[in-house]
Amino acid sequence: GAETHIAQLARGLSSLHLQVTLLSSGGAGADALEREGIAQIRIPSLCRRSPLALLQNTLALRRILRRESFSLIHVHARLPALLLHLAGTGRIPVLVTAHALLRKTPLLRRLSFWGTQTVAVSEDIRLHLIRTYGLPAERITVIPNGIDLSAFSPCEKPSPRQGPRVAFVSRLDADCSLGAWLLCEIAPRLAKEFPSLTIRIAGGGSD
C-alpha cells in the first residue's frame, strides 16, 4: 500500500534527477531505497504514540527542518503530518497524501493536518476528506493508484491454450478485503462456466 507508493515515488523522482530524502522510522523498504542511493533520515521512534515519544519526535523534526533545505515536504500518514506541523514547516509547501479512510473523532478531527495541498488515492477518499474533515474540494487531487508493471510483470507470456486467468491484488485487511471474499464466493459458479479458470489472489494483511 502506502509503503510501495512511497518507494515507487522516491525512485521516480530520483530518476528525474531530483534530490530525494526519505524520513522514516526505518525498515526493509527504507533499507532497499538506501541501497539504491535514496538519502535517509531515520527517527526510530517516529511511529510511537506515547506523550514522551511525540515530544521527542517533534523536537527531532524541528532540528531536521532547521538543518535541511527542503523545497517540498510530502507526508503519507496522519501522525507524521501532525508532528511536522507542530515542528513548524515555515514557508515550505507541505503535500499530504491520504491512503485510506481515516477514523474520525472530534479530537482526531482537530489534530489532523492536511498540508498546503492534499492528494487522495481514490475518489471515495476524496469524498471522505470533504465530508468528514471539511477540506475544500479544490485543495484535493485524486491520483490513479496502480501497479508498476516494470516491477510486477510475468516472466513468460501465458500459453494461448491456457484458460482465462483472473488476478486480484489488494491489501487484505478487514476494511478492504471484501472484493477478495466475493471473488472466492463466486469462484465455484465461474468454474462451472470456465472449467480451466485460474484465480490468483495477491496481497498481505489480517485476512
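## Exposure terms

A residue is called buried when its relative accessible area is under 20%, exposed when that area is over 50%, and partly exposed in between. Arg11, with a relative accessible area of 29%, is therefore partly exposed. The structure described here is a predicted model.

## The chain as a whole

The chain has 207 residues, and buried residues make up 30% of them. Its secondary structure comes to seven helices and eight strands. Taken along the principal axes, the C-alpha atoms fill a box of roughly 65 × 40 × 35 Å.

Contacts in the chain can be sorted by sequence separation. Of those between residues at least 6 apart in sequence, 41% join residues at least 24 apart.

## The four-stranded sheet

Four strands form an open sheet in the order β3-β4-β5-β6, and their pairing is parallel. The edges are β3 (residues 73-75) and β6 (residues 140-142), each of which pairs on one side only. From one strand to the next, the twist averages 25°.

Strand β5, residues 117-120, runs parallel to β6 and is joined to it by three bridges. Within this pairing, Ala120 has Val142 of β6 as its bridge partner. Helix α6 (residues 123-133) packs on the sheet, where it touches β4 (94-98), β5 and β6. The direction of α6 makes about 165° with that of β6.

Helix α4 covers residues 78-87 and is mostly covered itself, with seven of its 10 residues buried. The buried residues are Leu79, Pro80, Ala81, Leu82, Leu83, Leu84 and Ala87. They pack against helix α3 (51-67) and against strands β3 and β4. The contacts with β3 and β4 bring α4 to two strands that belong to the sheet described above.

Gly88 follows α4 and has a positive phi, near 95°. Arg91 lies in the loop between α4 and β4. With a relative accessible area of 86%, Arg91 is exposed. Its C-alpha atom is separated by 21 Å from that of Ile41, a residue 50 positions away along the chain.

## Salt bridges

Side chains of opposite charge can pair when their charged atoms come close. The model contains seven salt bridges. One of them is between Glu36 and Arg11, with N and O 2.7 Å apart. This pair links distant parts of the chain, 25 residues apart: Arg11 is in helix α1 (residues 2-15), and Glu36 is in the loop between α2 (28-35) and β2 (39-42). Both ends are partly exposed, Glu36 at a relative accessible area of 46% and Arg11 at 29%.

Another salt bridge joins Arg67 and Glu68, at 3.3 Å from N to O. Here Arg67 counts as exposed, at 53% relative accessibility, whereas Glu68 is partly exposed, at 29%. Asp31, Glu34 and Arg42 are linked in a network of salt bridges.

## A pair within helix α6

Arg126 and Glu123 also form a salt bridge, and their closest N and O atoms are 2.7 Å apart. How far apart are Arg126 and Glu123 in helix α6? They are three residues apart, which separates them by about one helical turn. An α-helix has 3.6 residues a turn, so residues three or four places apart point the same way. Glu123 is partly exposed, with a relative accessible area of 40%.

## The bend in helix α7

Helix α7 runs from residue 178 to residue 193, a stretch of 16 residues. The distance from its first C-alpha to its last is 23 Å, close to the 22 Å expected at 1.5 Å a residue. Where does α7 bend? The bend, of about 45°, is at Ala187, and a proline, Pro188, follows within four residues.

## His17

His17 belongs to the loop between α1 and β1 (21-24). Its phi is near 65°, which is a positive value in a residue other than glycine. Is His17 buried or exposed? At 76% relative accessibility, His17 counts as exposed, because that value is over 50%.

Conventions:
Residues are numbered from 1 along each chain as its sequence is written. This is a predicted model: local features need pLDDT of at least 70, side-chain atom pairs count only at pLDDT 80 or more; totals for chains, interfaces and linings use all residues. Side-chain values use heavy atoms; hydrogens and water are left out. Two strands pair if DSSP finds at least two bridges between them. Axes are lines fitted to C-alpha atoms, for helices over the stretch in contact, and angles run from 0 to 180 degrees between N-to-C directions. Contact means heavy atoms within 4.5 Å. A salt bridge is a side-chain nitrogen of Lys or Arg within 4 Å of a carboxyl oxygen of Asp or Glu. Buried means under 20% relative accessible area, exposed over 50%, partly exposed in between (1.4 Å probe, protein chains only). The expected span of a helix is 1.5 Å times one less than its number of residues. The bend at a residue is the angle between axes fitted to the seven residues ending there and the seven starting there.
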